Amino acid sequence: MPLYPASTSPAPPAAETTAALMLSGGGARAAYQVGVLEAISELRQICGEQNGPNPFPIISGTSAGAINAASLACGADQFDQTVHRIANVWRGFHADHVYLADSVSMLRSGAKWMTLLSMGWLIARWRRVKPKSLLDNSPLAELLTRMVPLERIPSLVRDGHLQALSVTASSYTTGEHFTFFEGDKRLQPWTRSQRRGLRDKITHEHLLASSAIPFVFPAMPLRLDGETAYYGDGSMRQSAPIAPAIHLGAQRICVIGAGRVHEPKRQGSAAEAGSYPSLAQIAGHALANIFLDALAVDIERIRRINQTLSLVSPEMRAASNLRPIELLLISPSEQLDVIAARHVGELPPAVRSVLGSLGVSSQTSDERGAPLASYLLFEPGYTHELMALGHKDAMRQRAEICKFFDWTDPEAASPSAPGAALPARHHPERRRDPLRLR
């Protein structure tokens, strides 16, 4: 039986305001996004919209979010069934489905890095030790080939189920940030400072490039303008992660993050206060900058522009290059680093050993190395907890989600009903946000 049976449904009518889904990066943290999508699918059915068109004609993703985005886009004509398939894949995840985690493989990849750290660069060069990455993600390449049928994209676009799919990657060769998109023929490429949007046929190599966490997974070669260049994780140098969806025609954007937009200050122990940070702490801090900070800054920028434009007359706004964008943000209500600390011991022994040498502890009370582990913990205990959190957080925003899609929630008839709609002023994360064309 094919993974995505052929759809017999007619092309959906054009939406008055095109909605987009934007999925950020974060390795194993992307399990949270799947829990949110499950809640949206569940609400869609509760509201009697299961036979309606794809709620997200535009789907944009970065890093692990690009893989989730592409998987969802490949089943754009069967939204609920596709979300169910993606969730089943994530529920069955283990680290060895994403990267080689056995002892021999770790000796081939991870131990080379340990050689560089222990023997020094000069001796390592003499011994011709030239590691490409800490981990070998060839199992992920095989999984994408089986589970993400990108060959469906052109027909889904032609039949009106999908307007565009975009994934982002960063070029190690030129230093530019690229958004590759496939979709409606009327969509045009764009160029901004250090970032470009290019029409291209999305391949599994694009997904591997977009999700190639620096140092952790190997860079991927892609052909562009007749030349081959190497690309890494799309979250690197991504100054405006929401912008691709806007360029592709979105007027309403649902953003699902993989970290808290405003992370509270972590309280370290007295012993930690005066100790030098481990390599794991430094790596976790760097990855947080890559995966989390740009989205938070972009959202703040949206709100500042919105506040400024509220003071501008409608006539002046109409004469400008500004247009309203409706934003719905769903992000974790809990710190994923703290959750990861509880599950580090579930990592395969060889992976745990390599990460332990960098400062990742299996003791649940020691959270210092957990930020690094949180991106690599493709194990059921962790991913299941993140999916449950995503579902819970989305259900907390039930009224906002229904209003975003203009769905009628049958359980919201009574003000005392769970998820009953509240006045818009009670939902600061959801408002009509005028944005610059970015």
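Student: How many bridges join β3 to strand β8, and which way do the two run?

Tutor: Three bridges join β3 to β8 (residues 227–233), running antiparallel. Strands here are DSSP runs of E, at least two residues long, numbered from the N terminus, and two of them pair if DSSP finds at least two bridges. Across from serine 170 you'll see glycine 232 of β8. This model is predicted, so local features need pLDDT of at least 70 and side-chain atom pairs 80 or more, while totals for chains, interfaces and linings use all residues. Residues are numbered from 1 along each chain as written, and side-chain values use heavy atoms, without hydrogens or water.

Student: Which strand pairs with β3 over seven bridges?

Tutor: That's β4 (residues 177–183), in the antiparallel sense. Phenylalanine 181 in β4 is the bridge partner of serine 166. Five residues lie between the strands of this hairpin, and glycine 175 takes a positive phi near 80°.

Student: What about β2: parallel or antiparallel to β3?

Tutor: Parallel, with five bridges joining β2 (residues 58–62) to β3.

Student: Where do the β3 side chains point?

Tutor: In a regular strand, side chains alternate between the two faces of the sheet. Here Ala164, Ser166, Thr168 and Ser170 go one way, and Leu165, Val167, Ala169 and Ser171 the other.

Student: Is β3 (residues 164–171) mostly covered or uncovered?

Tutor: Mostly covered: eight of its eight residues are buried (under 20% relative accessible area, 1.4 Å probe, protein chains only; exposed is over 50%, partly exposed in between). Leucine 165 touches residues including Ile59, Ala69, Leu150, Phe180 and Ile202, leaving aside those up to four places away in sequence (contact: heavy atoms within 4.5 Å).

Technical notes: Helix = DSSP H or I, 4+ residues; strand = E, 2+ residues; numbered from the N terminus.
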